[in-house]
Amino acid sequence: MAAVPDPTGVDVGRADAQGYAADWARAVRRLGFVPLSAAETERLLLVNTVRLAQAVQAEPFSVRPAEEVGRALVDAHLTEPRALEWSLTALGDDFPRRVLAADDRPADLPRRIAAVQGGLAAGFARALRDRTFTQQERIARSAWQARDEVEQALRDSEARFRAVFTGAVIGIGIAGVDGQILDVNQAFADMLGYSIEELCQANVASLAYADDAAGMWEIYKELIEGKRDSARVEKRYYRKDGSVVWTDLAVSLIRYDDGRPRFTVAMVEDITERYELQQRLRFQALHDPLTGLPNRTLFFETLGRVLDTARPRQRVGVCFLDLDGFKAINDSLGHDLGDRLLVVIGRRLAECVADHGHLVARMGGDEFVILVDDGGDIDDAVAVAEAALAAVAAPVHVGDQQLAVSASVGIVECPAAETTASELMKAADTTLYWAKAAGRGRWAVYDPERNARDLARSALVAGLPAALDRGEFVVHYQPIVALLEGTMLAVEALVRWEHPELGLIGPDRFIGLAEETGLIVSLGEWVLRQACHDAERWRREFPEAQLVVSVNLAARQADDPAIVSTVADALATSGLPAELLQLELTESAVMGSAGEPLRSLHQLAALGVRLAVDDFGTGYSNLAYLRRLPIHCLKLAGPFVEGIRADGTDAAADHRDERIVDALVRLAHALELWVTAEAVETAVQAERLRALRCDTGQGRYFGAPAPADSITARLRAREVTR
């Protein structure tokens, strides 16, 4: 039988000690937690199996090795009670049979086994008790140490807080939820001019400023009720001497462990200097540096606030004022004197409305605006404007200069709920333009209908160039008829604008705009070329008609040095004979012709083109001057013809107009000029003009302006009736 090696160097004569230790290890790991690996557990228990075998066989016998094995089990943390129970049971049942050889068993083996079991259990229990005592002592020592550390931390925290509290440069105060001040630092006391003792006897409410920002106390109430944990506001306090200090106040709520509010901690910083600097900077940002009046930014802030907070049916007005001729003052007397004048005007405007509390602001340059936010109606705004004009009109003494100054004012007044700041000022600017256009020292009231017309006019002006490029213009023709025979001898070319949105627009709405913008030259040339093209088509199709086309020339066209070459090119391009083209000029343009325009008229006449004076009788009416001009035809102004009525409403006027027409026709014929009467609307007018020997007539009685196809149809119908 092989011997099991003894770790101490003594052999144990039983080969199954290894198997016993393996079974012991498996049982221990199965019955509870083992902090060792399986191999480590088996090696440990093999050693203790050998020690137990040696203890049973030793002479003299002693249980001490068994006690050491029990302690070893505890040291290895094999402390599960069920594992101990298995160990003791196996020691009595299997150990002798498996570990001890029969010839090595002592005679008192049962007694020794029982003693080893008791020694093992006793060693195990004593080791477990010792370990428990050691752990308890360690825990107690740790608890004492932790308590000492906590107490030290509390002392350190208190020291740090006290150092911060007393040495802080900002004020710190602690108050109960009832507002009673519990403690303050020296910085807080110095800030308000009290002693610490005085403040600790006061309540937070006693330090309140009468005009604290709205909602500030509601915030504090929510804080002490536990509805919020902190708050921060800029707040004023009264000092003990009655002066005011501006502070940045941050308040925090401290709670009990159960969440109930306990007290508040306030940190207060004196920001008086910063606040005053901010106020100065804000004043500079919102006021005109020259006059000291509110500037454009402040005006719009105030106007926006008035509109946002307006009462139902509240009205608001604006008087927008601009000095007349201020640029001339600057240019002639210098900008320094101009600036001094603006200072005087600004002061006068502020003084003239001071009793009513109206805001006066300088918008820039020589523009000022007065906000009438509490007026009853337009009369109040007009009264303010008249007071402002009177204040400006008083003589101004600047240095050694006495200046007479006037201004123009645009007035807008409307319900506050129906406008915005931008709309109000846009309307005021438009109305100011109306006032300045009417003359100096005037005011004008905003008229929505007039503004709509102006906007429409502006839209037409903006659309004119593109309309010409896109081919939106068309030419209509109105017949000119011989009064004796009733034959159509000519047509007048009249331009129309086929607007993509507004439909067909007559020349009365855009010709004046074209003249103002200079587009009349290009537009007139287009009409001329189109008229020549249509007239040549009629000449080729109806050669017997010899229909003359009459085209209007604007004054700017007549003054254009290139007018002769333009007409010649239009004739050459279209193929129209010159004698079939008649150019109409207004009476004022013809009578005032001199220099280049006069030479152009003679050159046009030399081409063979007929020349006519349009609207004759409304201007110079200088027949003697006409003798020097190459004129072929006079077109009598419509008002004379309109005066020849048949309704008998004003017989004297009818007779007077008829005599005027008679005289004009006779004089024109004396000068060998053809006479055309415009605006012939009735048969009676045509008959009277025929009786006065007027040559031709033009008007709705003979036909309204119509497209070229209508003239073609009329010529074709005439051919058929021949």
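View 1. A disulfide needs the two sulfur atoms within 2.5 Å. This is a predicted model. Cys694 counts as buried because its relative accessibility is 3%.

**View 2. Cys532 is in no disulfide.** By the 2.5 Å rule, the disulfide count is zero. For Cys532, the nearest cysteine sulfur belongs to Cys633, 17 Å away. Cys532 has 0% relative accessibility, so this residue counts as buried.

**View 3. Strand E14 is mostly covered.** E14 spans residues 488–499. Of its 12 residues, 10 are buried. Strands E13, E16 and E15 each pair with E14.

**View 4. E13 and E14 form a hairpin.** Strand E13 covers residues 473–482 and runs antiparallel to E14. Nine bridges join the two strands. Phe473 stands opposite Trp497 of E14. Five residues separate the strands. In that turn, Gly486 has a positive phi of about 75 degrees.

**View 5. E14 runs parallel to E16.** Strand E16 comprises residues 548–553. Four bridges link E16 to E14. Ala490 has Val548 in E16 as its bridge partner.

**View 6. A hairpin joins E14 to E15.** Strand E15 (residues 503–505) is antiparallel to E14, with three bridges between them. His499 has Gly503 in E15 as its bridge partner.

Key: Residues are numbered from 1 along each chain as its sequence is written. This is a predicted model: local features need pLDDT of at least 70, side-chain atom pairs count only at pLDDT 80 or more; totals for chains, interfaces and linings use all residues. Side-chain values use heavy atoms; hydrogens and water are left out. Buried means under 20% relative accessible area, exposed over 50%, partly exposed in between (1.4 Å probe, protein chains only). Two strands pair if DSSP finds at least two bridges between them.
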